[in-house]
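Reader: I am new to this structure and would like to be taken through it. May we look at it together?
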Amino acid sequence: MTIQRYLTGITTTGTPHLGNYVGAIRPSVEASRRAGLENFYFLADYHALIKCDEPARIQRSTLEIAACWLAAGLDPQQVFFYRQSDIPEIPELTWLLTCVTGKGVLNRAHAYKAQVDKNTAAQVDADTDVTAGLFMYPVLMAADILMFKAHKIPVGRDQVQHIEMARDMAQSFNHLYGEHLVLPEAAVDESVALLPGLDGRKMSKSYDNVIGLFSPREQVRKQIFSMVTDSRAPGEPKQVEGSALFQVYQAFASAEETQKLRQAYAEGISWADAKQLLFERIDREIAPMRERYEHMVSHPAELEDILQAGAAKARARATPLMRELRQAVGLRNLASATAAGRKDKAKAALPSFKQYREADGKFYFKFVDAQGKLLVQSAGFASPKEAGQCIAAMKQSQALPSAAEAALAQGVDDSLVRAALKALSDS
């Protein structure tokens, strides 16, 4: 059975708050303990350079966020935990992918389009404030994923496009140079908890309504006591629906604890007492982690040792793959040129599938013979996965799929397709 590999990128800007903990950190740490999986967690400090040009802030934020994840229980002995910039193979793979990625693909990236739309609305040049880093962000992200042959990428729905683009790049590379890269899939968790902030809106630094995950204990207490509530007096029943205080408590409490607070609401608990219960419940979970966090932040050399060990562990995977990819694209020892040429020639003399994406956003494939003559043309598929499944079915059955999925090229009969599929299978 193939081990499933999950890969998670961790942003290294800002200071984590309770919303980050409940929505991302805690579930990710819990997922890292599942048996039968390989989990990769990396600090995306190269990506941070796109948004931040303050070196001290980049360094400090990387320190705090690494300490935060370790304090929350991520075990570097059981997972791959590393800093992106410690893996030199990642920018090298970025360049290889850049060379097989059309500019039109990158033109459709959400972040780039958003900046262009903003500039257009402001009636300034479309590329104002667009760095090459922003434009190339999806390629670097694809390299992060493809370097470790990740199968599943846990992301929010707004990040699915980047995973699809990584698939496109992997397909383009594999089509040109052989099956070297694994096509990843987005793993979207629709049940991700969104924690309300101090004012009842989604907890977010942009709203200035956050409770810092490892802020000093008394500061957390003060923030919780500043949470917005209604004007119902002590003894007056209170509604749990729409209560930010209740929602935050529920995110930390057991089902039994939550039911007790629900009953207390019905019985008219005072807001001061409810806030004290919330503070105590959060503090019970966070206090031990805060102690570990403060130790690591005050001992950065220990944290650096953990990251360097993680980098060595990750590079044990990255270096052999990069060696393989360099060989595939022709960045080779010149003494092997004759043998490599014979191998490439033999490989070229086989039928092949060519996958691509058209301007209509749909995914297609062609099946061509050893001389490049078109044998089969597919219809458009909604996703690369569906197109890939159709190809796999053709290879397995050595026959055409349904007429709705693909059609013979003009002048080609079914026997030619079967023979070509058999030749590909025999190889």
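Author: We may begin with the origin of the model and then turn to rings, strands and a cavity.
Author: This is a predicted model, in which local features need pLDDT of at least 70, side-chain atom pairs count only at pLDDT 80 or more, and totals for chains, interfaces and linings use all residues. Residues are numbered from 1 along each chain as its sequence is written, and side-chain values use heavy atoms, with hydrogens and water left out.

Reader: How many aromatic pairs are there by the rule?
Author: The count is 15 aromatic pairs. Rings of Phe, Tyr and Trp (its six-membered ring) pair if their centres lie within 6.5 Å; planes under 30 degrees apart are stacked, over 60 edge-to-face, and the rest tilted. The rings of tyrosine 41 and tryptophan 69 have centres 6.0 Å apart and planes at 50°, so this pair is tilted.

Reader: Where in the chain do tyrosine 41 and tryptophan 69 lie?
Author: Tyrosine 41 is in strand 2 (residues 37–44) and tryptophan 69 in helix 3 (residues 55–71), so the pair links distant parts of the chain, 28 residues apart. Helices (H or I, at least four residues) and strands (E, at least two) are DSSP runs, numbered from the N terminus.

Reader: Are tyrosine 41 and tryptophan 69 buried or exposed?
Author: Both tyrosine 41 and tryptophan 69 are buried; buried means under 20% relative accessible area, exposed over 50%, and partly exposed in between (1.4 Å probe, protein chains only).

Reader: Which residues line the largest cavity?
Author: Its lining includes Leu18, Phe279, Asp283 and Arg290. Helix 12 (residues 271–297) gives the largest share of that lining, 5 residues. A cavity is a set of points on a 1 Å grid over the protein atoms alone where a 1.4 Å probe fits but cannot get out, and lining residues have an atom within 4 Å of a point.

Notes: 1 Å grid on protein atoms, 1.4 Å probe; cavity = no way out; pocket = protein on both sides within 12 Å on 5 of 7 lines; lining within 4 Å.
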